[in-house]
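Reader: Hi! Could you walk me through this one while I have it open on my screen?
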Amino acid sequence: MPTPDASSGAVSPPAVWPGTAYPLGATYDGGGTNFSVFSEVATAVDLCLIAEDGAETRVRLDEVDGYVWHAYLPSVSPGQRYGFRVHGPYDPDAGQRCDPSKLLLDPYGKAFDGRFANDPSLYEFGRDSLGHTMTGVVINPFFDWGADRPPNRPYHETVIYEAHVKGMTMSHPEVPPELRGTYAGLAHPAIIAHLKSLGVTAIELMPVHQFFHDHVLLDQGLRNYWGYNSIGYLAPHQEYSARSRADAAVTEFKTMVRAMHAEGIEVILDVVYNHTGEGNHLGPVLSLRGIDNAAYYRLVDGEQAHYMDYTGTGNSLNVRHPHTLQLIMDSLRYWILDMHVDGFRFDLAATLARELHDVDRLSTFFDLVHQDPVVSQVKLIAEPWDVGEGGYQVGNFPSLWTEWNGKYRDTVRDYWRGEPSALGEFASRLTGSSDLYESTGRRPGASINFVTAHDGFTLRDLVSYNEKHNEANGEGNRDGESHNRSWNCGVEGPTDDPEILALRARQQRNLLATLVLSQGTPMLSHGDEFGRTQQGNNNVYCQDSPLAWMDWSLAETNADLLAFTRRAVALRTAHPVFRRRRFLGSVPGEITWFTPAGTEMTTEDWESGFGRSLAVYLDGDGIAEPGPRGERITDDSFLLCFNAHDAPIDFALPGPDFGDRWSVALDCAAATGAGEAVYSSAATVSVAGHCLLVLRRTA
């Protein structure tokens, strides 16, 4: 029978029914709520109902099926705060950390309330954490989705925009102050209009799972801004809600997704299933650690008081355990079926493939994803590395997966900063990286091409700094990547030199145009379209401030760059020759590489250590793959002239067999990319130093 907590005098619920072991978590069915939680190590589990005044009522879960403890409470409705207390062995050396003094978050909680206090009770055995930790909240799962449908846009038609819920909206002048930094702010028409004007088809949100702010950061006046510190895999982060009601974040998130879908924009979540915010053996006891530590975490063999750490964050989830895998898969299905998201980007995804030690692309996790009728049908994007030995796995993920192509990023950066011997690698990345993906049955869309992302320099900083400047993070500039493949164009940081500023602006246009016109799936980083800067900080994970937020005033200050970005994306969208479903080369003549002299590239040209210029012809009449209804696709033909030298180079246009007349489609020497020049096939075109010129065949 339920019993009140002796110290609170709270009144017990009037009835407790056996309930069911599935589904896990707190599930309201319109009449009451079923609670269930897995723990193989527990000797007893208490469900704790928390009143508005903080009073606690404990209900012993007497029903246990397959190590799942459960009960149904007909009197509990949405809005009820709750947690669990797990009784069992406390023996860290044996990997067991049960402590019933800890109020634990439900691993399947769909909403959380409150905050984590920097209190010893979160860390020390035997000290009650009630009042110092967050609580779960029972939600109302019913929502009017109306006519919502997933856009289901194929990869070759996708343009991804990586963004941060708070950073995207905090300074936008048209977003009402009370909505800034929230899901509701992200759904504001002004934000959606901006995405539409760019030609974006998918927004990839940095972590929105409920996450934990490290107290080491809070003590320094910093915060875990990026959110890669998850503590609840089914709950949207509560701080991103515009309303104070405990479960409001769920409704606001759904409303945001519905608004995006109405405009044809997919929503992709950056998810962190590789570790949690409970950290290493000195970290807080918030949820999984106190429920079943050895089941949920990878422990060091022979030293089970410590955690395997393939992520650099203190722990790694135990993907060898069936209930950990179930938590991940149930979470993914929940976000698809209940929250209507369209895909996921898996942070440090190589960790999920570590069943024993080495990364194994045939691991159980990938088997589960491939056979799952729900999860297998959405966009699955891997960050194909972690920090463990053998963790760099670009090109090695299974056939359903696309990947952040780190080799694309590195090669394109190297090419435009003038590194030698980059032509062959550059050509491979420009055409979809078939060397990485074709052998596994994947197509160009498997390459998620990016030049910048949240982790590293912004585009503007990439061309303004040779070195990172992370002093604001309080780690003596030791954090963040030191090898950025960046080039400051002659001066470190801010400058008034007009020649350097012009070169930096041109380099930004070069990088953007190359990204957008490469085969594969392009991903833009929020704010790069108008020159966002982090003042040389390449690791703003802890900077919840204007340093990391988008400065929307730059949309006017750098209006030319914004116009250029829109023009470049529109060129890609309008012309299927830039977004092929299949790899180039299956049809003779569909792609031809030229030297600036107008001759076809030879092996010697490709291997030239000093070569920094080339042209590529894309034949619009040579598109082999059919359209969605089996129709033949034809397009204009284009000549892309790349010059990474510091001086202008004359490009001889290919002969009349390739076209008689050419017009400028995109000129990176022009502030907005516009050009009106028309050339005959016998002409020679001067391409400025550090510049990409795109010509379209008109006759």
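Reader: Thanks! How much space lies in the largest cavity?
Author: About 70 Å³ of space lies in the largest cavity. A cavity here is a set of points on a 1 Å grid over the protein atoms alone where a 1.4 Å probe fits but cannot get out. A volume is the space filled by probe spheres set on the points, which are joined across faces, edges and corners.
Reader: And what should I know about the model itself?
Author: This is a predicted model, where local features need pLDDT of at least 70, side-chain atom pairs count only at pLDDT 80 or more, and totals for chains, interfaces and linings use all residues. Residues are numbered from 1 along each chain as its sequence is written, and side-chain values use heavy atoms, with hydrogens and water left out.
Reader: Which residues line the largest cavity?
Author: The lining consists of Arg413, Trp416, Arg417, Leu462, Val463, Arg485, Ser486, Trp487, Gln507 and Leu511 (lining residues have an atom within 4 Å of a point). Helices are DSSP runs of H or I with at least four residues, strands are runs of E with at least two, and both are numbered from the N terminus.
Reader: How many cavities of 30 Å³ or more are there?
Author: The count comes to 6.
Reader: Is strand 21 buried or exposed?
Author: Buried on both faces, with Lys379 and Ile381 on one side and Leu380 and Ala382 on the other. Buried means under 20% relative accessible area, with a 1.4 Å probe and protein chains only.
Reader: Which strands pair with strand 21?
Author: Strand 20 (residues 343-346) pairs with strand 21 in the parallel sense over 4 bridges, and Phe344 stands opposite Leu380. Strand 22 (residues 402-404) also pairs in the parallel sense with strand 21, over 2 bridges, and there Ala382 stands opposite Glu403. Pairing requires that DSSP finds at least two bridges between the strands.
Reader: Nice. What about helix 5, how far does it reach?
Author: Helix 5 (residues 248-262) has 15 residues and reaches 21 Å from first C-alpha to last, close to the 21 Å expected at 1.5 Å a residue (1.5 Å times one less than the number of residues). Its buried residues include Val250, Phe253 and Val257.
Reader: What do the buried residues of helix 5 pack against?
Author: Among their partners are helix 3 (189-198), strand 14 (202-205) and helix 7. Just after helix 5, Gly264 takes a positive phi of about 75 degrees.

Methods:
Buried means under 20% relative accessible area, exposed over 50%, partly exposed in between (1.4 Å probe, protein chains only). Contact means heavy atoms within 4.5 Å. On a 1 Å grid over the protein atoms alone, a cavity is a set of points where a 1.4 Å probe fits but cannot get out, and a pocket is an open set with protein on both sides within 12 Å along at least five of seven lines; lining residues have an atom within 4 Å of a point.
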